[in-house]
Amino acid sequence: MSGFSFLEFLQQIINGLTLGSIYALIAIGYTMVYGIIGMINFAHGEIYMIGAYVGLMVITGLGLFGVHSITAILLVTLAISILVTGSYGWTVERLAYRPLRGSPRLVPLISAIGVSIFLQNYVQIGQGARDVSMQPVLTGGWRFGPEGGFQVYVSYMQVLIAVITVAFMSGLTLFIGRSRMGRACRACSEDRGMANLLGIDTDRVIALTFVLGAALAAVAGVLVSMYYGLVNPFIGFIAGLKAFTAAVLGGIGSIPGAMLGGVVLGLAESFASAYLQTEYKDVVAFALLILVLLVRPTGLLGRPDVEKV
């Protein structure tokens, strides 16, 4: 492999990891909800879209007030976006899922799709259907490679995305593994009925799951608004579909699987865009999903369902 081709290959790995980090943050919301109540929250993509809008508006507002510190902008934007989208996640669970929890699975699925359409049109009416953009918050980066040849470019924003993704995923892993509420989440995932009999407030655990998923989607939305500087009411649909694909690819119900699936999907899209054509990246991503499910129906890290008797 020549130096040029190796550097190009390395560049696609960096781009794929950046994209995969976003997918992974969103995919965790799908996999957590499914792991506890066995249902897919198809309004989750729109929660991510709302998080991106909130991030863009907060960053723009802070700029108007003369706040230029990257640390201050990031902390304030993440805090407000998590608060807003967390409330949306709680509301979706309360209105679209809790009243229908004992219904056939198709009923809450249709309800979630209805909420997704409602949120998309709600934002479209309030913000318009056109793209909304802002000036880049963090610019610059590092270049590696020979002068006059292909150089690998790593932007500061890509590094920030990687750091924030690792930080939030590590925090989630510690929360699920070591906190009392995290243990309650794992108990509900194993057997919700038995957890309820043992005194665990399963309604509270399920609501917390929706809030945590929405918070991670908010983080992804803020990072996307900072990275691309462009949002519209329709970004949630395709991003949500890709994140759901990542969750299924990694093993729906498995948090490490959602992380792995997001990274694999991001790398697949990056390499497809570089070595084939950009139009084929979605084809490659879904073909990869089909291939994995043919070989391993439960996904890369998923566990087979065991019927409880």
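Let me start with one stretch of the chain. Over residues 153–176 the chain is 88% helix and 12% strand, and its end C-alpha atoms lie 36 Å apart. That stretch is one of those the UniProt entry, which is unreviewed, labels "transmembrane region". Bear in mind that this is a predicted model. The average pLDDT for the chain is 86, and 96% of the residues score at least 70.

Another stretch with that UniProt label is 283–302. Here the chain is 65% helix and 0% strand, with 23 Å between the end C-alpha atoms.

Now helix α5, residues 156–178. It has 23 residues and reaches 33 Å from first C-alpha to last, close to the 33 Å expected at 1.5 Å a residue. Its buried residues include L160, I161, I164, T165 and M169. An α-helix has 3.6 residues a turn, so residues three or four places apart point the same way.

α5 also contributes two or more residues to the lining of the second largest pocket, as do α1, α8, β4, α9, α10 and α11. Which element gives the largest share of that lining? α1 does, with six residues. The pocket has a volume of about 600 Å³ and is lined by 26 residues. L19, Y23, Y228, E269 and K281 lie nearest its centre. By type, the lining divides into 13 nonpolar, eight polar and five charged residues.

Notes:
Residues are numbered from 1 along each chain as its sequence is written. This is a predicted model: local features need pLDDT of at least 70, side-chain atom pairs count only at pLDDT 80 or more; totals for chains, interfaces and linings use all residues. Side-chain values use heavy atoms; hydrogens and water are left out. On a 1 Å grid over the protein atoms alone, a cavity is a set of points where a 1.4 Å probe fits but cannot get out, and a pocket is an open set with protein on both sides within 12 Å along at least five of seven lines; lining residues have an atom within 4 Å of a point. Grid points are joined across faces, edges and corners, and a volume is the space filled by probe spheres set on the points. Helices (H or I, at least four residues) and strands (E, at least two) are DSSP runs, numbered from the N terminus. Ala, Val, Leu, Ile, Met, Phe, Trp, Tyr, Cys and Pro count as nonpolar, Asp, Glu, Lys and Arg as charged, and the others, Gly among them, as polar. pLDDT is the predictor's confidence in each residue, from 0 to 100. The expected span of a helix is 1.5 Å times one less than its number of residues. Buried means under 20% relative accessible area, exposed over 50%, partly exposed in between (1.4 Å probe, protein chains only). UniProt positions are given in the numbering used here, feature names are shortened, and annotations may be inferred rather than shown by experiment.
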